[in-house]
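Subject: Structure for your review

Dear colleague,

Please find below the structure that I am handing over to you. I would be grateful if you could read the notes after it with the model open.

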Amino acid sequence: MKKIALVAALVAVPFISQAETKAQGSGPSPYTECGIGAAIFQNVGWAAAISNVIWDLGTTAFSSATLSPEMCNAKKVKTATLIIETLEGMEADLASGGGSYTTAVASTMGCASAHNAIVAKARSNYAEVVAQPGYSAQTRQERAAGVYSSVKAAANTVAPTCAVSL
Amino acid sequence: MNFYHSESSKVWSEVQNKDFFLTPEGHTSPNKEFAAFASAVRGYQTDQSKGEVLCRFPARTTLLLKEYEPFNSFKRPDCKDHPRYINPAKVTGVSLIFASGYFESPASYFGHTMLKFETPEKDFDEFFFDSSLNYGAQVTDATGNPMYIVNGLMGGYTASFQRNNDFINTYSYTNKDMRDVWEYPLELTPDQTRFLVEYSSELRHAKFKYYFFTDNCAHRMARLIEAATGKKLVDTDGLWLLPVEVVQTLKSPEDETSPLKDELRTPSLKSRVRDGYLALSKSDKRAVNSYLTSKPEEQLSLSKGLSNEALTVAFMQYDVQLAKLSSKTKKSKAIPKLQASRAILLREKLARPAFKAESKMVTENPSRSITPATMKHPGSVQVGYLSKPDKDALNLRFQASNNDLLTAPFEGQEASRFIMGAAEIETSFEDVSLKRVTLLDIASLNTNPLPSSFTGEYSWSLKAEYGPRNNICDKCSSAGVDAKIGKAVRLNEDLMLFGLIGGQVNSRETSHNDILMLTSENGVLIDVSPRARLLAGINIEASPERGDPAYLYKGSLSYDISPQTDIRMSLENDGEESAALLSLSFYLN
């Protein structure tokens with residue numbers, strides 16, 4: 001029963017996220033709540049190549065976070081930004097049982113010492129998310145929200161002290 | 001400190017924004033700027049609430065207090081409350097980062113340089129925001145702007161420094177652009193490290209004009225390192241300064257005082273897929289190929305039969321494909337199908353016990369001896385003796401290139417031809433003539449071992465030049481553009497076969513060509529030894545109007561006499577006559 005409840009909560013994340021686009025500032029997803037877009041690192045083709053423009057990563061997220069600090073604290077914003085910017089690597093790490101991306105996210109959460117336990121738990125959480133039929137049609141932001149929720153739920157379970165304010 | 005120049009009676013700064021300076025005349029008067037800053041430092045000694053200027057210019061403050069005796073005992077503020085202050089004490093190391101180029105964007109092919117700041121404890125803000133320093137133009141109008149290249153070349157864009165997160169930055173290069181990233185830790189004293197951090201912090205407020213060839217990321221990173229180390233690194237007054245030249249100058253094997261002592265490589269995702277695929281057994285390779293090229297309804301059952309290693313390679317390959325398609329301005333219709341196939345593999349991976357596959361590898365000791373630091377310099381002068389049917393001649397050639405097939409690429413790059421400009425002069429007893437001018441000569445010999453029906457990757461070449469058809473004929477020069485597509489296969493580490501076919505548009509007819517020609521270039525490239533390479537092949541040309549194909553048999557052998565010198569011999573035969581060229585190449589920065 002507990003498992004079903006967890007799955008329901010995780011699966012609901014994307015749909016909650018979609019609802020949040022209509023009601024900014026409410027709900028649990030940092031992506032809509034804190035305005036962390038999926039295109040901070042836009043590829044501008046030749047522009048990037050010829051000028052090597054490096055996009056002002058983080059500023060957008062930080063500004064949004066500053067606007068509502070009680071909802072979008074720095075830890076939440078940075079964790080969420082790291083996940084969405086390295087999403088494919090993060091998913092690969094979760095699938096393989098941990099790597100440099102999950103190490104980075106645990107460090108950003110302030111949970112470095114609990115990395116292995118968090119990944120083990122997050123892995124099973126995320127397996128339930130990915131198993132849902134709608135997964136492959138999700139947007140990047142929805143998938144990132146799924147990873148974020150899986151990691152957050154795992155940290156809450158195995159290392160609750162460091163999961164505070166996520 | 002603020003890049004002042006003087007020319008006769010005129011003095012000006014490279015910093016373009018006047019609000020960077022403390023005085024309205026600061027842009028053109030270093031004396032007034034110095035006086036204003038010295039006044040601010042003196043003011044702080046009597047009123048310590050006035051530390052804003054000193055915090056805005058921490059490097060100036062360090063220099064003034066250290067180098068000017070009257071200021072030696074002056075106090076400086078604790079700037080911790082200054083917006084976006086970077087505490088130099090927390091930075092324990094600095095690395096030069098070199099991101100290799102990629103063929104999908106030729107302008108990037110000479111790479112990109114930036115700096116990375118190390119902090120021992122990954123403090124939240126330092127880890128997240130400020131762990132790397134980039135310099136680039138602020139371009140928002142690249143797409144569809146015909147003036148884009150002109151602006152890039154002629155200083156039409158404003159450029160500035162930005163600080164970013166190195167971890168995410170590296171991910172963007174390796175997993176989105178598929179570029180290898182090389183890291184060169186700098187051996188700096190604590191004072192030098194501190195000054196570098198302070199100076200880069202100060203310059204974040206500065207805006208410059210961007211010039212693609214002469215005032216680019218390489219130029220600015222070199223200037224920062226020069227300011228911190230006092231070591232003259234590069235000639236910033238040349239026709240160009242390429243990112244790889246900064247690495248090569250810092251890592252010069254002749255220089256025992258070089259601050260670069262190590263090099264680390266983070267391979268791109270594409271490199272990891274390639275290496276992972278080549279390490280698979282034959283049956284695993286077949287299983288991966290089968291999965292990639294199967295219909296979605298068959299993939300679920302196929303995924304169950306993949307070994308862990310094959311599953312990992314196939315999964316990563318989907319990320320390569322998706323990154324490639326996602327970078328296009330127009331959203332590809334293939335993305336949903338790829339996402340669905342990837343999701344099957346992700347579910348399968350998650351359903352199995354955890355199988356560790358390192359997601360980001362850093363190779364400390366590159367397996368091949370050629371790296372960005374040791375590869376041949378991008379400019380070369382070739383002096384040769386040419387023997388052809390009607391006369392012998394001295395042949396002089398200058399070319400700017402990354403590779404030309406006879407030079408060895410650095411680790412992670414495939415053998416290729418990337419010439420971004422060349423000129424050739426032929427001198428005989430009778431005359432001196434401009435034989436060839438090449439604007440561009442690129443051959444991307446893509447040897448991706450995965451099925452090209454899935455990757456959509458092929459080899460291709462593009463050339464725009466004025467010159468003769470070959471070394472044999474004498475009056476067969478025309479200007480033209482030549483484009484080809486084909487396939488390259490690496491049979492083993494030392495042997496590559498390639499074949500390209502395409503067409504050519506020429507400015508005029510000669511006895512050897514029509515305006516329109518069909519062309520084909522086919523060859524074998526062999527690494528005979530670590531110092532010697534052999535390129536042999538046959539070029540076929542035919543006029544669609546006349547038919548009558550012409551064949552040119554070619555063979556070239558190069559041998560590295562020293563790291564920056566090689567000797568080359570090439571032979572050409574058109575079935576009737578031959579030409580031979582013996583040349584010495586000197587590679588220059």
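The notes below treat the disulfides and then the salt bridges.

This is a predicted model, in which local features need pLDDT of at least 70 and side-chain atom pairs count only at pLDDT 80 or more, while totals for chains, interfaces and linings use all residues. Residues are numbered from 1 along each chain as its sequence is written, chains are lettered from A and ligands numbered from 1 in the order in which they are written, and side-chain values use heavy atoms, with hydrogens and water left out.

Disulfides

Over all chains, the structure holds three disulfides, a disulfide being a pair of cysteine sulfur atoms within 2.5 Å. One of them joins A:C111 to A:C162, with an S to S distance of 2.0 Å. This link is right-handed, with 110 degrees about the S-S bond. It connects distant parts of the chain, 51 residues apart: A:C111 is in the loop between helix 7 (100-109) and helix 8 (115-130) of chain A, and A:C162 is in the segment after helix 9 (140-158) of chain A. Helices (H or I, at least four residues) and strands (E, at least two) are DSSP runs, numbered from the N terminus. Both A:C111 and A:C162 are buried; here buried means under 20% relative accessible area, exposed means over 50%, and partly exposed lies in between (1.4 Å probe, protein chains only).

In chain B, B:C55 is bonded to B:C79, again as a disulfide, with S to S 2.0 Å. The torsion about the S-S bond of this pair is about -90 degrees, so the disulfide is left-handed. B:C55 lies in helix 2 (residues 52-56) of chain B and B:C79 in the loop between helix 3 (58-67) and strand 3 (93-99), so the bond ties together parts that are 24 residues apart in sequence. B:C55 counts as buried at 8% relative accessibility, and B:C79 is buried at 8% as well.

The sulfur atoms of B:C473 and B:C476 are 1.8 Å apart and form a disulfide, which is right-handed with 65 degrees about the S-S bond. B:C473 is buried at a relative accessible area of 8%, and B:C476 is buried at 0%. With the bonded cysteines of chain B numbered in sequence order, the pairing is 1-2, 3-4.

Salt bridges

The count comes to 44 salt bridges over all chains, each being a side-chain nitrogen of Lys or Arg within 4 Å of a carboxyl oxygen of Asp or Glu. In chain A, A:E91 forms one with A:R143, and their closest N and O atoms are 3.0 Å apart. A:E91 lies in helix 6 (residues 87-96) and A:R143 in helix 9 of chain A, so the pair ties together parts that are 52 residues apart in sequence. A:E91 is buried at 0% relative accessibility, and A:R143 is buried at 3%.

In chain B, B:R397 and B:E424 form a salt bridge whose closest N and O atoms are 2.7 Å apart. B:R397 is in strand 11 (residues 392-404) and B:E424 in strand 12 (residues 416-427) of chain B, 27 residues apart. Salt bridges that share partners join residues into one network, including B:R397, B:E424, B:K463 and B:D474.

With kind regards
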